[in-house]
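Dear colleague,

Please find below the structure that I am handing over to you.

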Amino acid sequence: MPKRLLLVSLIFFFICSTGSAQIVRVPRDTTKVYSYIEKYSKKRKFTKFLHRLVFKPTQKVSASSRKKQAAAQKNLYVPYEGKIIRNINVETFDPFGHSLDNPKKKPNTWLEKTGNSLHIKTQKWTIRNNLLFRKNEPLDSLLVKESERLIQRQRYIRRVTIKPVPVANSKDSVDIQISVLDSWSIIPTGSVSPTNGDLEITERNFMGMGHQFENNFKQRFTDSENAYAMRYIIPNFRNTFINTTLLYDVDFEDNYVKSIALERTFFSPFTKWAGGSSFQQRFYRDSLKNNLNEYRKFNFKFETSDFWAGHSIRLFDGKSEDDRISNLVMTLRYSNQKFIEAPTADFDPIHFFSKSQLYLASIGITSRRFIEDKYLFNNGIPEYVQIGKTYSFTTGFLDKYSNKRPYLGGRFSFGGYYEFGYLSLNAEAGSYFNQGRSEQTTFRLEALYFSDIMEAGRWKFRQFISPQLVIGNNRLPVKNDQLNINERNGIQGFETNLFGTKKFLATLQTQSYVPGSLYGFRLSPFFNATFGMISDETQPLFNSRLYSKFGLGILISNDYLVFNSFQISFSYYSTIPGDGDNILKSNTLKNNEIELPDFQIEKPYVVPLQ
């Protein structure tokens, strides 16, 4: 009975979340296109309803939410709007002993001075590389604020301020002062167990250029086998915002992944063009069984090339932020996968591991902005939360083994601040069709709620709730096309042979933030509970067994490292199939299991079953 009560409560919360609406106000008629849409919509009740759903708010924003958003959107540039930018001055500071709030503060201890001497400051051109505004152009306050967000999100930056500076004896010019406080960018981490050793060194600001260089070394003590992984990321090439990633990863069994990718996303609501290309080669060994339940191990080696492009068109001509963040987005994608080594036909009768070509196109409407908040996943560090709404439709076909199957998919999502906290919802559905029959259908429904900051004395608290429902129908009879609740796909610490076509997950986390710090170290105790259910097509999902994990831990972060932290945690499992009952594990819980939503329309994709 308690299990059923818990599930009913979570489902009730999940369904009720769909009754909320967007909090991003979309303005009235500003273009001929919009005028036509509005005029046409008034002809019928149904189209009038759709018009309100897409272009007008369906729920008023509470007073507290308006106050919160207004504070986050406070504009210091109003007196300088439209003035010509004469100079852009950039000043960067080492991580230790400096403060943007107190420019006169200097490092005075041996430790601070030594740390700074070992640190390479961010190059000024690296900061300029992330700006959306230029010298000798009119000042656009929205682009200035967006540039500040783009710099702040870099994992080698602790804090940034962008301020206008009046020009003496000039009424039409303004200077821009950018001050940047670095974070310590070299991050060594490691672990040792009776069987394995692991050492990882990450440089998030290689030579002050903003490049990220990751190296991970592992050794298995039982047989002295080694594993190695390397990733090199150039996040922004010459102010194009093209992200280049090189990856090489080989494990203890000589399974490997090699890839190169270049991609420019719709990184900002003001981005007009996006696209990317990637190439990956992967090799691994795995076992399959045939119709006689005989198992055999095979080599799998395949190459994937992927190309996509997208264009964003503003829906409105106005100059307000609401006008400029509402966009019609169109994208195209082509992906080609070919197998160099694959299992024999008797172990793969449906030719799942065979050459395929995917053609997709999507169109959608998105309206999104970023609200600055604190005390979410970092202790006191500014973070940006997306609010907005997205509608998108995807179509195309998959050409595999001389069979072309059409694909249809759609997505609706929203998110915003309300009187009771932040709430977002994402609903997606997609399916292939073969001779009028739907195949490999996926339906996903996920939500995120987090409360406003609650205080007890000087302590701060937040409550997070993240439910997820995934349902597959007519999936292929191979485990690559099935659901599981292992690790990142479900419950951290789970490694089971449970597979199915339906699953329900719910994560609840209470996060606290201890006041004060010691040499920059801050403590954030947390409690986490995760519940999961999985079943196949022969069994109702909510009649299946409920698996659970309860975790308690402390996240230890440092102001100078900003996005980097380590933790001490313990998790209790009532049962793990194949492992036993009443299991206690240490450091199996990460408090980043919950991710903030993204209302960006990306490259077209098949709704994932995961």
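Two strands are said to pair if DSSP finds at least two bridges between them. Please keep in mind that this is a predicted model.

With that term in hand, we may begin with strand E14 (residues 383–400). Strand E13 (residues 356–373) runs antiparallel to E14, and 18 bridges join the two. Within this pairing, glycine 364 stands opposite serine 392 in E14. E14 also pairs with strand E15 (residues 403–418), again in the antiparallel sense, over 13 bridges. Here the bridge partner of tyrosine 391 is phenylalanine 412 in E15. The hairpin of E14 and E15 has two residues between the strands, and tyrosine 401 takes a positive phi near 50° there. E14 is mostly covered, as 14 of its 18 residues are buried.

The salt bridges come next; the count is 18. One of them joins the side chains of arginine 462 and aspartate 373, at 3.1 Å from N to O.

Another salt bridge links aspartate 101 and arginine 159, at 2.8 Å from N to O. Aspartate 101 counts as exposed because its relative accessibility is 61%, whereas arginine 159 is partly exposed, with a relative accessible area of 29%.

Lastly, Lys121, Lys124, Arg128 and Lys135 form a positive surface patch.

Yours sincerely

How values were computed
Residues numbered from 1 in each chain as written. Predicted model: local features only at pLDDT ≥ 70, side-chain atom pairs only at ≥ 80, totals over all residues. Heavy atoms only, no water. Patch = residues over 30% accessible without salt bridge, like charges linked within 9 Å, V, L, I, M, F, W, Y side chains within 5 Å. Areas by Shrake-Rupley, 256 points an atom, 1.4 Å probe, with all protein chains shown as cover. Salt bridge = Lys/Arg side-chain N within 4 Å of Asp/Glu carboxyl O. Lys, Arg positive; Asp, Glu negative; His and termini not counted. Charge placed at Lys NZ, Arg CZ, Asp CG, Glu CD. Buried < 20%, exposed > 50% of the residue type's maximum accessible area, 1.4 Å probe, protein only. Helix = DSSP H or I, 4+ residues; strand = E, 2+ residues; numbered from the N terminus.
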